[in-house]
Amino acid sequence: MKKMTKNLAVLFLLLSGFIFTGCSEDEDPIIDKPQVENDELNGELNEDLTLDPSIEYKLTGSFEVLAGSTLTIPAGTKIVAEKGTENYIAIHQGADIVITGTQSNPVIMTSVNGAPGDWGGLVILGNGVTTEGVDVTAEVGGFKYGGTDNTDNSGTIEYLVIEGAGAQINADSQYNGLSLYAVGSGTTIRNIAILNGADDGVEFFGGAVSATELYLENNEDDSVDWTEGWNGTITNVYVLHTIEGFSTAIEADGVNNNPKIINFTAVSTIGGTALQFKKESGATFEGLSLSGYDTSVEMRDNGPVANVVIENNVANPEANYTVPATVNANAFTWINNRGSVASNILQGTVEGTVTLDPTTTYNLNSSYIVQDGGKLIIPAGTKIIARDGGTDVYIAVLKGGMIDIQGTETNPVVISSAEGNPGDWGGLTIVGDATTTEGVDAVAEVGGFVYGGNNDEDNSGSIKYLVISGTGAQINSESQYNGISFYAVGSGTTVENVAVLSGADDGVEFFGGTVSASNLYLENLEDDAVDWTEGWNGTVTNVYVNHTIDNFSTAVEADGANANPKLINFTAVSTTGGTALQFKKESGATISNLYLEGYETNVDMRDGGALTNVQIDGAGAAVDAAYDLGTKVDVSTWSWIEAEL
């Protein structure tokens, strides 16, 4: 009986983990214990451990969870890493991590200052498949990863914030915020925020793990990176870039195992590249929204663009993919210190009604696109400075969208680049539903916008007292933006008192439609002051064209079919010669009160079209007429055209 009692006591001690063999009171037991001394984390963990959320832990070295062990981090736990390359958390093959943060009480891993590169981040190593093989050595820590089980389970991570990671290992390698080495699909990752990392936000090295609800802000290299044949899915991702010098929102490398990217919204306030694909990599995107990037899709090594499928179509590197956000940053309110786009930056899309504040000077940072059903109101006196970003910077109003520019004679609206140099930015494009000889739902040469319909009375809004400068960025060898481009804009639209100055292409160009305009001042446009094509048949009234630069094209260029638009009170003055009115193909117009001065050629029927198509003051045009007897349009009272930023 005594022997049985003694054996039971020994068994109790064994089960309790407190049996000692030949140890003094001050010596460690034979059974290994986790390297947690009060509030410090470091060393190796070879048994299960649950942290105490009431303790703020210090990460004072590498903390490695070994095979067979589980690290559990409850909601509200905070781990603060000391600065240093060797400070990171690693979950080895066969080990588990269970992070049980909540929306109201996330788990936080950060450094003392939360500065980029302060510490290593979180590394998880799995037994999934990688193109590198089995038991591969990771570039960080020399850890082993990779196997044959793409369903491998490394645990669960929910509501985790990682900040200030990305410490430099050597000249070629850095830690990421979250590194996933051959992690399998059995692993759960959702509601993760990675902020201010010196390298990538999250990187997938092979494996099949998926992740959902990711927020990635100001990671200095790539926000999302994958290589080695990763083929999982990421869903509901929001990327924000407000710092210079980052690499990409997505970088993909290696073979293409066609991972899926569902609802991916990326926003940059400083340009840059959104999606970069190296070697043969690719992906399938559903719900892609990009805003503020200079380059949307880059095939870095000239891999097949067909490997990248966006909304069921092969990716178009010339498209900007600026559509309404598919992921709202406000879905991540559980992140206390997340950033935002400054309220004076204009980019992205307009849905519903947006009214600018005339007391604020706005920066047009990228494309700013008014969607179908959206309305942009720009009150009198508003000033908008367009970034010198070329074709990536413009305002567009799509079919079904509206713009309301409410300038006044004493308080016009001004939109210009800082220096107002020709070609600094794109200009204003309005897309309507009126008729064009290109048919219904034609595709514009700028932005790939769809225009044209059957409603010649279509209304795209109102433009009054607008000064626009420095437009005309070059798209390609054949195309440029204009100061204002009217694509199939209908007669319900109001355009009056508009000045277009110093553009690298046309001042105003009409692509079909029926819109009319009055009181136009067009100065030193390097191509044509007024241009139309595709059967435009509106009227322009009180137009003054001023040419004081060499090598412009014309005061008027008309092309295509002749729908007989009207020009009433048209004055054009050149101090450098050139051509005043040029008509291509069968184009023409009816012009009343024409005054031309200083041009070497007044009328040019470029393709031998009929002079009778051009009626000037009641008679067919004459190529040798002076056309200097009309009454000049008096712009001496148009003081609003001198408004500046």
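Ser479 sits in the loop that links β38 (461-469) to β39 (484-487); strands here are DSSP E runs of at least two residues, helices are H or I runs of at least four, and both are numbered from the N terminus. The model is predicted, so local features need pLDDT of at least 70 and side-chain atom pairs pLDDT 80 or more, while totals for chains, interfaces and linings use all residues. Residues are numbered from 1 along each chain as its sequence is written, and side-chain values use heavy atoms, without hydrogens and water.

Ser479 has a relative accessible area of 8% and is therefore buried (under 20%; exposed is over 50%, partly exposed in between; 1.4 Å probe, protein chains only). Leaving aside residues up to four places away in sequence, Ser479 touches Glu445 and Gln474 (contact: heavy atoms within 4.5 Å).

Phe510 belongs to strand β41 (residues 508-511). Its relative accessibility is 1%, so Phe510 counts as buried. Beyond residues up to four places away in sequence, the contacts of Phe510 include Phe486, Trp532 and Trp536. Ile484 is 26 residues from Phe510 along the chain, and their C-alpha atoms are 8.7 Å apart.

The protein contains one helix and 51 strands. Its C-alpha trace spans about 130 × 45 × 40 Å along the principal axes. Of the 645 residues, 55% are buried. Among contacts with a separation of 6 or more, 65% join residues 24 or more positions apart.
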